[in-house]
Amino acid sequence: MSDPDLRGALTLAEYAPGEAAVLTDAERWPTIDAEGVTRLTHWRAHADAPRWTHATGDRLTAEQAERVRHPLSTDDWLREHLVAAKRTLRYRAMSEDATLEDFPTIARADLVDDLAAFVPLDADLSRMLHGTSSGSTGAALLIPDDVEEVARGFHLLVALAASAGATVTTDGERMAVANLVFQRQAFTYVSVISSFAHRAMARLNLHPSAWDDVDARARFLAEADPQILSGHPTSLAELLDAGLGAVLHPAVIFSGAMALSSPLRARLEAAFGCPVIDVYGLHETRPIAARTDDGPFRILDRRVHVEVLEPRRDVAVPSGSMGEIVVTAGENPLLPLVRYRTGDFGRLVRLDDGAFGIADLEGRDNTRFRAADGTLVPCVELTQQLQARGALGWSIEQGEDGRVRAAIAGGDETGIRTALQALLGMPVELHRVARLIDLGEGKPRRYRSSVPD
């Protein structure tokens, strides 16, 4: 931005370095030892480090650090969870013998309107962190996070990695995990994991604006060489586009927040030679399901219960049919959600081993496009064609006039144009961008349609 009058016009105060620093290091990491301090100091002051904007720690005591290494028991959890929910103002009128089906569904707007009503009256607020969730609906939300539940999330990643044949250890000085984002402004920090021998972790912004130069970014990542890379498709694609595959050797890669396309998964697997695990979840609900291939998402064996209901009624759809994903989530004791409408759509299916999974997960909108002959084409059919022809990401919109405009990152442009036109029976305005980030920062909607459904 060259105009001096506009310089800084996009700066947001919450991303200013030290804006919210209120704790000492001793408070952030009560059990940190001398080696942990040395490790933390090394990465904080590294010559090639990005501009850290925040300082944050897990705040775990020795007892908590031991507890979070193990998953919560799922024995009779749902009954206990409903009892906890009845200790909130929202459900104070529910009868003691109310079952899950007696609870009405809720949505994000309910949390935005009165979040406190969903926090148990006897909650231990001394364990509270606060996290932000921008969502995809424009309704920002502050979420009460529990220190143990947040810390346990790292060990869930380690367990999922192990289930895919990947090992994450405390040997050596490699970073344990790097959470990657790619945006002009972002929270960034370096920390240590109290429950993992105080090994380092970081939240890194890969955007060039966060670094003195791109060479510094490459040098820092090469030395850190995190065992776990976690990000969304946009930030993970940046690793490939920036040629960082040569300096990183992850044991496992986790993708979340946005849909991971099959071609991008294949590129990541080929570049890094490790499992790529796609995780479905929301900040409000925590991880719900995961997959290591392009099949259904396997619902995780944790305190999560999934229903698939009609979009506007608390009625289950026929078995195996598309509907809205509704989640009862019991991992966060400060926010015991019951029948939370995610706004995402999919099918509940039984997997070969008897477990449940979510198939045809599109996310946010179960959009259907009106073809030239008047028939409705579900967006999953477009996804199949786009992925089969190598698209890494896309955004497709149908206006009120019925015209369809599409933007794609990667893939066979001619083949995609032909497939979409054949599927919809009409010409499609197709624009190809060079990189996934060129489709937009954050969580761009992949599908929109303004025609009557």
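# Salt bridges, a sheet and a pocket

Hi everyone. By salt bridge I mean a side-chain nitrogen of Lys or Arg within 4 Å of a carboxyl oxygen of Asp or Glu. Helices (H or I, at least four residues) and strands (E, at least two) are DSSP runs, numbered from the N terminus.

A word on what you are looking at. This is a predicted model, in which local features need pLDDT of at least 70 and side-chain atom pairs count only at pLDDT 80 or more, while totals for chains, interfaces and linings use all residues. Residues are numbered from 1 along each chain as its sequence is written, and side-chain values use heavy atoms, with hydrogens and water left out.

Back to our pair. Is Asp225 buried or exposed? Asp225 counts as buried, because its relative accessibility is 10%. Arg174, at 30%, counts as partly exposed. The cut-offs are these: buried means under 20% relative accessible area, exposed means over 50%, and partly exposed is in between (1.4 Å probe, protein chains only).

How many salt bridges does the structure hold? The count is 31. One of them joins Glu173 to Arg39, with the closest N and O atoms 2.7 Å apart. This pair links distant parts of the chain: Glu173 is in the loop between helix 6 (147–163) and strand 3 (177–181), Arg39 is in helix 2 (residues 34–44), and they are 134 residues apart. Glu173 is partly exposed at 45% relative accessibility, whereas Arg39 is buried at 6%.

Another salt bridge runs between Asp145 and Arg286, where the closest N and O atoms are 2.6 Å apart. Here strand 2 (residues 141–146) supplies Asp145 and strand 9 (residues 286–291) supplies Arg286, 141 residues apart. Both ends are buried: Asp145 has 7% relative accessibility, and Arg286 has 8%. There is also a network of salt bridges, which links Arg67, Arg127, Asp146, Glu148 and Arg152.

Twelve strands form an open sheet with mixed pairing, in the order 4-5-3-6-7-8-9-10-14-13-12-11. Strand 4 (189–193) and strand 11 (304–309) are the edge strands, and each pairs on one side only. From one strand to the next, the twist averages 35°. For pairing, DSSP has to find at least two bridges between two strands. For angles, axes are lines fitted to C-alpha atoms (for helices, over the stretch in contact), and angles run from 0 to 180 degrees between N-to-C directions. As a close-up, strand 12 (residues 322–329) and strand 13 (residues 337–350) pair in the antiparallel sense over six bridges. Val327 stands opposite Tyr340 in strand 13.

Now have a look at helix 8 (residues 233–241), which is mostly covered, with eight of its nine residues buried. Among them are Pro233, Leu236 and Leu240. What covers these buried residues? The answer includes strand 3, helix 7, strand 6, strand 7 (252–255) and helix 9 (262–272). After helix 8 comes Gly243, whose phi is positive, near 70°.

Finally, a pocket. Which residues lie nearest the centre of the second largest pocket? They are Arg298, Ile299, Leu300, Asp301 and Arg302, out of 34 lining residues. Helix 6 gives the most to this lining, with six residues. On a 1 Å grid over the protein atoms alone, a pocket is an open set of points with protein on both sides within 12 Å along at least five of seven lines, and lining residues have an atom within 4 Å of a point.

To zoom out, the chain comes to eleven helices and 20 strands. Of its 453 residues, 49% count as buried.

Definitions and conventions
Contact means heavy atoms within 4.5 Å. On a 1 Å grid over the protein atoms alone, a cavity is a set of points where a 1.4 Å probe fits but cannot get out, and a pocket is an open set with protein on both sides within 12 Å along at least five of seven lines; lining residues have an atom within 4 Å of a point.
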